[in-house]
Amino acid sequence: MKKNKKNKSIVNKKVSRRDVVKSMGYVALGALAAPAIIRPAHAADPIRVGIISPLTGAWTVYGKAHIAGFELAVDEINAKGGVLGRKLELVIGDSKTEPRIVVEQANRLIRREKVDFLAGTFSSAERNAAGPVVKAADKVLLYPTFYEGQEKEYHPGVCNKNIFMFGPEPTQQVWPHMEYMMNKFGKKFFMIGSDYAWPRVTNMVTKRKLKELGGSVVGEVYIPFNTPQYESVLRDIRKAKPDIIFHSLTGSDTVNFRQQFAAAGMKNDFTLWTVDDEEVVTTGLGPKVSGNDYVSFDYFMSIKHPNNAKFLKAFKKKFGQDALMNTVGVAMYNAAHMAALAIEKAGKVDTKSLRENLKGIAFNGAPQGPVTMRKDDNQIIVPSYLMQVNPSWTNVNNMFNEVQSLQKVVPLAARCSLPL
Amino acid sequence: MEFIGISVDVFLITATLALAAFGLAIIYGLIGVINMGHGAMLTLGAYLTWFFISLNIQFLLCVLLSGIGVAIIGVLLEHFIVRKFYHRPFDTLLLTWAFFLITTEIIKIIFGTDFRNIEAPIAGAFDVFGVNIPAYRFLVSLFAILLIIASTAVFLKTNLGIKIRALIQNKEVAGLMGLDINLTYKTVFGFGSFMAGIAGGLIAPMLSIDPYIGNIYLVRSFFVVIVGGVGQLLSGTVVGSFLIGGTETLFAIFSDQVISQAAVFLLAIILLRLKPSGVMNKKNV
């Protein structure tokens, strides 16, 4: 019996092997024929957008608002019938907050998922990782985060004709408010930031303006990621006696530093101005630690603009009353709408026409006030707000008080060979 | 003045790091389990403290409850998994790493990924000879040193301590002499977890509470235990913490943060080359 069974199975195997070869032939034929059948997009085929978000890893806290902004915009666009009669469809990739994974995800989304264009990545390191991929595959990437500005030496992460910047850079986020801060508090800056490209370049650009305005830097420190203790930094700050602590630490280091800064009783003696701590981080700090500090960005949930009221209403309806939004999420929202406008204008979705039509496009419905994509260097022109944290805030709606705002801040031209 | 200020800083950092590393010093130092889940235990302690505080329980009680909570989780982990691997220490490395991964994901599911914070129960700072000392950190540091001394006294002066030392010296003979080996292992593992939970709760008001909070201390804790000397509960932990934490402050006086953090680890490597079983271990293999 046993032997028989064995024989049978061998026979079976032979047959199945032949079958396999045969079916492989069909599959190959089918695959050859498939492009001819599939390629010409039907009018009803969705436009596929690949999103790369930090859904796990160190910057998970920012991932939620990041992706929510884009999803909300896509809902709004699809509710109106989509673009060119085609709906937008999202394919999501998790960056795990690691540049290495960004490369994998960008390749997967472009080659396997065949997305029409990409949006997202979070930190400058992530964007720089995606740069070569979108350059080689010739796909557009819509980048949402406030960042250090474009310098030729970081090409193709910046100065890349396929990457569009929807977040502010230092000449928009910092420069417009320096005069106010220096007149009010004094001209001595102490700079503290995380040890990577964004804080270093941001401080470099800030120093240029500081010099112009007759200010000086009395201390400049960069902190490695995940540093728990700040005693020696706090001592250096006391010794240097700055008028303004200019703060660009990121992630949990922000919270660690500012908690210890407050615990050391230094809040009364120094003014702190942060360019990194939006709604998500400030919520983590609590009112006692964050109260009276200054923050500057292109967007805050607290800004009083009719567009923002409308935007927040829709946002809260979809994601709940307590959901957090921030500058990056709003940039993702704007990116989706502006891409849709560009596709509508072009009448088609290929990379070249998307790129050509994104240049110079304006979006009046942006939550922070009207924005425009600058033609030459793919840099968005946005409003800029300086806020002071309300010391008795209870939630994001009363977290920030407006100090000053500029509705249209034109940044310096990108340091690239222009036009891109 | 400058000197006093620096000494205070060095004391605060050393004591805080010793507190964070103590749970590991017990579990790794005494029973040889390479506990990569130590960071997750600190994180659990912080989240449990946050949770109990949200129920309006008094802070110190919250910390105690968190210690007990983490101890229970630790004992369960020991009972179902770790105890089958005491003779294979390197496998415990993978097991406890898995514990870290799973715990972190569960924390994300239950508490979400947002930053949370606990207000320091004692706010502000006080001045001594013109040196500014943050009140809460100072008290936690004092408490940490007392805690470590008290635990070491238990280890050296009590029956339980004798049992544990017997177990470490010779497991077979201790068993033949009638010692309940399984129970002793379990006690030590549970006690180490308890200390990690307490540390997580006490450190929480100084840091951001996020699912990875404990991992800031994981690598540093291992360095503390290994440089200080595995098995040297009091002297090893305190001296190790000084060498890994305190010296960072000293280096930072004349170099920047990035270099001083690197210099500390370089120092650790040199010390280990000179004294392979740790600074405070007399017998060097």
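Colleague: Which residue of strand 2 of chain A does A:I52 stand opposite?
Modeller: A:I52 stands opposite A:G93 in strand 2 of chain A. Strands here are DSSP runs of E, at least two residues, numbered from the N terminus. This is a predicted model, where local features need pLDDT of at least 70, side-chain atom pairs count only at pLDDT 80 or more, and totals for chains, interfaces and linings use all residues. Residues are numbered from 1 along each chain as its sequence is written, with chains lettered from A and ligands numbered from 1 in the order written.

Colleague: How many bridges join strand 1 to strand 2 of chain A?
Modeller: Seven, and strands 1 and 2 run parallel. Two strands pair if DSSP finds at least two bridges between them.

Colleague: What does the chain cross through from strand 1 to strand 2?
Modeller: Helix 2 (residues 60-79) of chain A, in a right-handed β-α-β crossover. Right-handed means that, with the strands pointing away from the viewer, the path from the first strand over the helix to the second runs clockwise. Helices are DSSP runs of H or I, at least four residues.

Colleague: And what is opposite A:I52 in strand 3 of chain A?
Modeller: A:G120. Strand 1 and strand 3 (residues 117-120) of chain A pair in the parallel sense over four bridges.

Colleague: What's the strand order in the open sheet?
Modeller: 2-1-3-4-5 in chain A, with parallel pairing.

Colleague: Why is one side of strand 2 and of strand 5 left without a neighbour?
Modeller: Strands 2 and 5 of chain A stand at the edges, each with a single partner strand, so one side of each has no neighbour in the sheet.
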